[in-house]
Amino acid sequence: MSKIDKKPCDETKSSQEENGKNLLENKLISKFIRSKWYPGIFQLLVGIVFTFIVFELLTGPSEAHDNFGTAGTWVLWWPILPIMLFVTGRFWCAICPFGALSDLVQKFVGSKKTVPKFLKKYGVWLIDAMFLAITWSDHVFGVVESPRGSGVLLLLITIGVIFSGAFWERRTWCRYLCFLGGLSGNYSRAGILQLRGTKDKCSKCTSASCYKGTEKAEGCPMFEFPKTMEDNAECNFCGNCVKNCPNNSIQISWRVPTKELWFIRKPKLEASFLAIVIMGIVFVQNITMLKIWDGMLIWLENVTGTENYAITFTITFIIAMAIPVVLLFITGLIAKIFNKDSVIQNITKFGYALIPLDMAAHIAHNLFHLLAEGKSVFYTFIELFGVQLEHTSSAILDDPTIQVFQFLLIGIGTLGSIYTAYKISKNNYKSKNISTTIVYAVLLILLAIVNIILFSIPMAMRM
């Protein structure tokens with residue numbers, strides 16, 4: 001950031017820390033979060049459902065359209081998750097069965113060693129790589145379409161969680177290794193729920209009970225210190241800090257969507273890169289579901305001279321992932337002319353502006369599964385009890401209606417991203433902020449157009 005363009009830190013700080021009404025002022029909410037039942041009761045319920053889902057995936061029908069585990073995981077839970085992250089932040093991570101398992105393992109056999117410096121430094125990059133690897137493996141090996149494949153994937157993650165919980169302190173897996181945690185962190189930044197400490201109270205506190213823990217609850221499992229928090233990317237609203245704070249300083253409040261993205265003081269390249277990765281993954285997921293995908297495969301086979309799907313898909317995967325990366329790089333080169341930052345600085349700062357469009361495109365893609373295949377959840381559940389129902393379609397809504405919702409989501413996400421780019425520019429540059437905003441607005445509109453084109457083409461169903 002050039003010195004002449006840097007805005008005063010105090011202005012940014014005060015703008016960021018404007019909080020809405022504290023939800024903990026509600027006596028019922030406050031009492032529940034401070035009780036021993038929170039979040040344990042949710043963890044218990046989710047754990048029971050998760051165990052049943054894995055059992056069904058591994059022992060139930062081998063065809064995806066007959067297996068409740070597949071329908072419950074990929075048609076119901078996966079589409080609802082990004083919506084939940086937008087509304088409740090990383091609350092899912094507080095009740096996630098993997099996080100709860102990590103806590104349990106650590107309680108009985110954990111050595112609670114300090115997190116390796118390597119993980120602290122490169123954890124998000126490992127998450128980026130894991131996200132890419134899982135997406136690639138899904139398409140090459142058919143994980144989602146195979147109940148057994150989905151079950152094995154969940155078991156492999158379980159092994160990783162147990163290993164992490166046995167050796168390292170707190171929720172090392174959730175903070176530094178979980179690909180879903182990385183996604184959740186990015187989306188939570190654009191969400192409408194936040195947790196913060198009260199500045200005046202925290203400045204006088206020396207106990208650090210919120211981080212260290214007390215007899216009431218363990219310290220923050222995500223290694224966060226509310227006194228110095230500047231974003232909610234790593235907060236899972238577990239309530240430990242609320243229970244432990246001796247000064248009643250913690251506030252949980254609603255906020256304007258995307259607001260947190262406007263004031264990131266120390267943007268990280270790895271977080272911006274994850275935003276780019278997610279956009280590429282949405283492209284991949286959409287392309288391979290199009291009814292023209294078979295024709296594209298035939299063309300690729302003719303060009304490459306091979307019918308090996310791993311090769312043809314890998315080529316498609318690389319191209320789809322490269323599109324947003326190259327476009328953001330070119331935009332950074334152009335923006336450099338106006339704001340005098342380097343290309344890497346531009347990518348690091350404005351990669352965050354992709355997050356609202358990422359979330360919108362992700363929800364729009366999964367909306368097809370939820371609304372075009374949603375009845376399969378009910379059908380497969382009923383069949384668990386030996387009841388066979390006649391059904392000709394799993395669709396809740398028809399394709400044209402679903403497309404209207406998808407286009408609306410892309411429109412809202414694009415506006416959110418453009419406004420985020422404007423706020424990032426305004427808070428970093430005294431001059432040329434409009435020029436920088438226009439440059440990134442063009443990029444975001446281009447990405448939106450690509451998404452709209454893909455959503456306008458008929459898609460094939462998963463179930």
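Modeller: We shall discuss confidence, then salt bridges, the core and the surface.

Colleague: What is the mean pLDDT of the protein?

Modeller: This is a predicted model. Its mean pLDDT is 91, and 95% of the residues reach 70 or more.

Colleague: Where does pLDDT stay under 50?

Modeller: That applies to residues 1–16, for which the model has 30 contacts beyond four places in sequence. Where pLDDT is low, the predicted coordinates should not be read in detail.

Colleague: Now the charged pairs. How many salt bridges does a search of the whole structure find?

Modeller: The search finds nine. One of them joins Glu 25 and Lys 21, with the closest N and O atoms 3.2 Å apart.

Colleague: Are Glu 25 and Lys 21 buried or exposed?

Modeller: Both Glu 25 and Lys 21 are exposed.

Colleague: And what does Glu 234 pair with?

Modeller: Glu 234 forms a salt bridge with Arg 175, at 3.6 Å from N to O. This pair links distant parts of the chain, 59 residues apart: Glu 234 is in the loop between helices H12 and H13, and Arg 175 is in helix H9. Both residues are buried.

Colleague: Which parts does the pair of Asp 231 and Arg 189 tie together?

Modeller: Asp 231 and Arg 189 meet in a salt bridge of 3.9 Å, N to O. Asp 231 lies in the loop between H12 and H13 and Arg 189 in helix H10, so their pairing ties together parts 42 residues apart in sequence. Asp 231 and Arg 189 are both buried. There is also a network, in which salt bridges with shared partners join Arg 90, Arg 175, Glu 224 and Glu 234.

Colleague: On to the core. Which residues have the most contacts inside the largest nonpolar core?

Modeller: They are Leu 180, Leu 195 and Ile 252, in a core of 115 residues. Helix H15 gives the largest share of this core, twelve residues. As for Leu 195, the residues it touches include Met 229, Phe 237 and Ile 252.

Colleague: What about the surface: which residues form the nonpolar patch?

Modeller: Phe 52, Phe 55, Phe 378, Phe 381, Leu 384, Phe 385, Val 387 and Leu 389 form it, with about 730 Å² of accessible area together. Helices H3 and H20 are the elements that give two or more residues to the patch.

Colleague: Where is Leu 389, and why does it count as partly exposed?

Modeller: Leu 389 is in the loop between H20 and helix H21.

Definitions and conventions: Residues numbered from 1 in each chain as written. Predicted model: local features only at pLDDT ≥ 70, side-chain atom pairs only at ≥ 80, totals over all residues. Heavy atoms only, no water. Patch = residues over 30% accessible without salt bridge, like charges linked within 9 Å, V, L, I, M, F, W, Y side chains within 5 Å. Areas by Shrake-Rupley, 256 points an atom, 1.4 Å probe, with all protein chains shown as cover. Salt bridge = Lys/Arg side-chain N within 4 Å of Asp/Glu carboxyl O. Helix = DSSP H or I, 4+ residues; strand = E, 2+ residues; numbered from the N terminus. Core = buried A, V, L, I, M, F, W, Y, C linked by side-chain atoms within 4.5 Å. Buried < 20%, exposed > 50% of the residue type's maximum accessible area, 1.4 Å probe, protein only. Contact = heavy atoms within 4.5 Å. pLDDT = per-residue confidence, 0-100.
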